[in-house]
Amino acid sequence: MDSNHFVTMLRASISQWRIQGKRGVWIKLPIDHANLVNAAVKEGFWYHHAEPTYLMLVYWIPEIPHTIPANASHRVGIGALVMNDNGEVLVVQEKNGAFKGTGVWKMPTGVVDEGEDICVAAVREVQEETGIKAEFIELLAFRQSHKSFFGKSDLFFVCMLNPLSYKIQKQDSEIKGAQWMDMEEYAAQPFVKKHEMFNKIAEICLAKKKNKYNGFSKELMTSAFSAKKNYLYFNH
């Protein structure tokens, strides 16, 4: 579309929407219409968010502070505590990232994909990093932090999984090493003992090993707003 023609239509539309009492205007520009971005910005639109195939721009018509909701504010990650019948936990050493070269053994972790449930993400990450098949048991704890990746907030969920297989086949591209480690040995690592939150998570895991801690199990159910079933995590 020609940008001049686009601006003419846009101005006419905004005038009509103003008469109708409209407030917020959203324009979803596909990537093949990227030539119109500059024209929209000059008309007062601003960026809201972008995805691989489009850019979303917004405009506020009334001369009062806008109430347009912000873009998604959180990234969601998981950590997986996989404990076998011998009280050993599945741990990995990473080739990249903050733990590279530290010698720290840590639980498998990863980012939840768009549209993916927390419990599903935990199972997937464990199998991707270690080759171990597992099933979700409980949500043990979660942490919220701010100004993390790209300035967004971060939610991190610690999940307990039960292994369904035991032979490790590590992911060579990201994982330097993987093994079953005694839970007490994992918790006694200097790095874990030094950092308050890692130490607290280790304490929770030790308590779970001794059956002195109950997490949140999951159940699929509908809500008042949708017939689609979603997981509710709760303590029995």
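Phe99 counts as buried, at 16% relative accessibility. Buried means under 20% relative accessible area, exposed means over 50%, and partly exposed lies in between, with a 1.4 Å probe and protein chains only. The model is predicted: local features need pLDDT of at least 70, side-chain atom pairs count only at pLDDT 80 or more, and totals for chains, interfaces and linings use all residues. Residues are numbered from 1 along each chain as its sequence is written, and side-chain values use heavy atoms, with hydrogens and water left out.

Start with the aromatic rings. A pair of aromatic rings is described by the distance of the centres and the angle of the planes. Rings of Phe, Tyr and Trp (its six-membered ring) pair if their centres lie within 6.5 Å. Planes under 30 degrees apart count as stacked, over 60 as edge-to-face, and the rest as tilted. The count by this rule is eight aromatic pairs. One of them joins Phe99 and Phe198, edge-to-face, at 6.1 Å centre to centre and 70° between the planes. Phe99 lies in the loop between strand S5 (88-94) and strand S6 (109-111), and Phe198 lies in helix H6 (residues 196-209), so the pair ties together parts that are 99 residues apart in sequence. Helices (H or I, at least four residues) and strands (E, at least two) are DSSP runs, numbered from the N terminus.

Phe198 also pairs with Phe191, again edge-to-face, at 5.1 Å centre to centre and 75° between the planes. How accessible is Phe198? At 31% relative accessibility, Phe198 counts as partly exposed. Phe191 counts as partly exposed too, at 26%. Phe99, Phe191 and Phe198 form one aromatic cluster.

Stay in helix H6 for Asn199. Asn199 counts as buried at 17% relative accessibility. Its contacts, leaving aside neighbours within four places in sequence, are Val192 and Lys193. Contact means heavy atoms within 4.5 Å.

Next comes Gln189. Its place is in the loop between helix H4 (183-187) and helix H5 (190-194). Gln189 is buried, with a relative accessible area of 11%. What does the side chain of Gln189 reach? It reaches the backbone oxygen of Trp105, at 2.8 Å. A polar contact is a pair of N or O atoms within 3.5 Å. Within protein, one atom must be able to donate a hydrogen and the other to accept it, and residues adjacent in sequence count only if both atoms are side-chain atoms. Not counting residues up to four places away in sequence, Gln189 touches Gly103, Val104 and Trp105.

Now the sheets. Two strands pair if DSSP finds at least two bridges between them. Four strands form an open sheet in the order S6-S4-S8-S7, with mixed pairing. Its edge strands are S6 and strand S7 (134-145), and each pairs on one side only. The twist averages 25° from one strand to the next. Axes are lines fitted to C-alpha atoms, for helices over the stretch in contact, and angles run from 0 to 180 degrees between N-to-C directions.

Within this sheet, strand S4 (residues 74-82) and strand S8 (residues 153-163) pair in the parallel sense over nine bridges. Val82 has Leu161 in S8 as its bridge partner. Helix H3 (residues 118-130) packs on the sheet and touches S4, S6, S7 and S8. The direction of H3 makes about 60° with that of S4. H6 packs on the sheet as well, touching S4, S7 and S8. The direction of H6 makes about 150° with that of S7.

Strand S5 has its own partner. Seven bridges join S5 to strand S9 (residues 175-182), and the two run antiparallel. Val89 has Met181 in S9 as its bridge partner. S5 is mostly covered, with six of its seven residues buried.

One more open sheet has three strands in the order S1-S3-S2, with antiparallel pairing. Strand S1 (24-30) and strand S2 (46-51) are its edge strands, each pairing on one side only. Neighbouring strands of this sheet are turned by 20° against each other on average, direction ignored. S2 and strand S3 (residues 54-60) pair in the antiparallel sense over five bridges. Glu51 stands opposite Tyr54 in S3.

Tyr54 also meets a charge. The charged end of Lys28 sits over the ring of Tyr54, 4.5 Å from its centre. A charge sits over a ring if NZ of Lys or CZ of Arg is within 6 Å of the ring centre and within 35 degrees of the ring normal.
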